[in-house]
Amino acid sequence: MVAKVRRTADRRKNRKAHFTAPSHVRRVLMSARLSKDLRVKYNVRSLPVRKDDEVKVKRGVHKGRDGKVVACYRKRWVIHIDKITREKANGQTIQIGIHPSNTEITKLKLDKDRKATLEKKRAGKGKDKGKGKITQSDVAMQDVD
């Protein structure tokens, strides 16, 4: 039997784990919530952002702007959106990085892996519905003894 591993609540250790996380962990940490219509359609609250998703910025200077994700820069914890750029002093245009938690996914790029992820998240959601709930029949059975 495997012993239960206790996670630390130490702020320093949690910050270190977060900022030194490997790329496959950063993918999950760089998730964004789904828009209301997608949430109803797929019964999922959030998903990791990926290239070719369409997102809307919900916080910050660029609030209200939307566009397609052109890059997920995991090393810098940002995503680049096609219409959100700025001009440098030399005239060159560059993408502005936005953290995925400040965005909302409005359209998903669906392929077989993404559909599998949605199915997996949806299946895990309904599993714990009645866990810990005491029903009238449970109360009635207690009085049987």
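The following legends describe close-up views of a predicted model.

View 1. Seven strands form an open sheet of mixed pairing, in the order β2-β1-β7-β3-β4-β5-β6. Strands β2 and β6 (residues 93–98) are the edges, each pairing on one side only. From one strand to the next, the twist averages 50 degrees. Helix α4 packs on this sheet, where it touches β2 and β7. The direction of α4 makes about 140 degrees with that of β2.

**View 2. Strand β3 between its two neighbours.** Strand β3 comprises residues 54–57. With β4, β3 runs antiparallel and is joined by 3 bridges. With strand β7 (residues 103–107), the pairing of β3 is also antiparallel, over 4 bridges. In general, strands of a sheet pair through backbone hydrogen bonds, in either the parallel or the antiparallel sense. On the β4 side, Glu 54 has Lys 68 as its bridge partner, and Lys 56 has Asp 66. On the β7 side, Lys 56 stands opposite Glu 104.

**View 3. The two faces of strand β3.** Side chains in a regular strand alternate between the two faces of the sheet. In β3, Val 55 and Val 57 make up the covered face. Glu 54 and Lys 56 make up the uncovered face. The bridge partners in β4 are Lys 68 for Glu 54 and Asp 66 for Lys 56.

**View 4. The aromatic pair of Phe 19 and Trp 77.** The structure holds 1 aromatic pair. Phe 19 and Trp 77 form this pair in an edge-to-face arrangement, at 6.3 Å centre to centre and with 80 degrees between the planes. Phe 19 belongs to helix α1 (residues 11–19) and Trp 77 to the loop between β4 (66–73) and β5 (78–87), so the pair ties together parts that lie 58 residues apart in sequence. Phe 19 is partly exposed, at 44% relative accessibility, whereas Trp 77 is buried, at 10%. Trp 77 also has a positive phi of about 65 degrees, although it is not a glycine.

**View 5. The loop between β2 and β3.** Asp 52 is found in the loop that runs between β2 (46–48) and β3. Its phi is near 80 degrees, a positive value in a residue other than glycine. Asp 52 is partly exposed, with a relative accessible area of 31%. Asp 53 is buried, with a relative accessible area of 0%.

**View 6. The salt bridge between Arg 114 and Asp 53.** The count of salt bridges in the model comes to 7. In one of them, Arg 114 meets Asp 53, the closest N and O atoms being 2.9 Å apart. Arg 114 is buried, with a relative accessible area of 6%, and Asp 53 is buried at 0%.

View 7. Lys 58 forms a salt bridge with Glu 104, with 3.9 Å between the closest N and O atoms. Lys 58 is placed in the loop between β3 and β4 and Glu 104 in strand β7, so the pair ties together parts that are 46 residues apart in sequence. Lys 58 counts as partly exposed, at 24% relative accessibility, while Glu 104 counts as buried, at 12%. Elsewhere, the side chains of Asp 113 and Lys 112 meet in a salt bridge of 3.8 Å, N to O.

View 8. Helix α4 spans residues 112–125. Lys 112 is exposed, with a relative accessible area of 68%, and Asp 113 is partly exposed, at 49% relative accessibility. Lys 125, which also lies in α4, is partly exposed, with a relative accessible area of 43%. Leaving aside residues up to four places away in sequence, Lys 125 touches Asn 43, Val 44 and Arg 45. Between the C-alpha atoms of Lys 125 and Arg 39, which are 86 residues apart along the chain, the separation is 13 Å.

How values were computed:
Residues numbered from 1 in each chain as written. Predicted model: local features only at pLDDT ≥ 70, side-chain atom pairs only at ≥ 80, totals over all residues. Heavy atoms only, no water. Phe/Tyr/Trp six-rings, centres within 6.5 Å; stacked < 30°, edge-to-face > 60°. Buried < 20%, exposed > 50% of the residue type's maximum accessible area, 1.4 Å probe, protein only. Pairing = 2+ DSSP bridges. Contact = heavy atoms within 4.5 Å. Axes fitted to C-alpha atoms, helices over the stretch in contact; angles between N-to-C directions. Salt bridge = Lys/Arg side-chain N within 4 Å of Asp/Glu carboxyl O.
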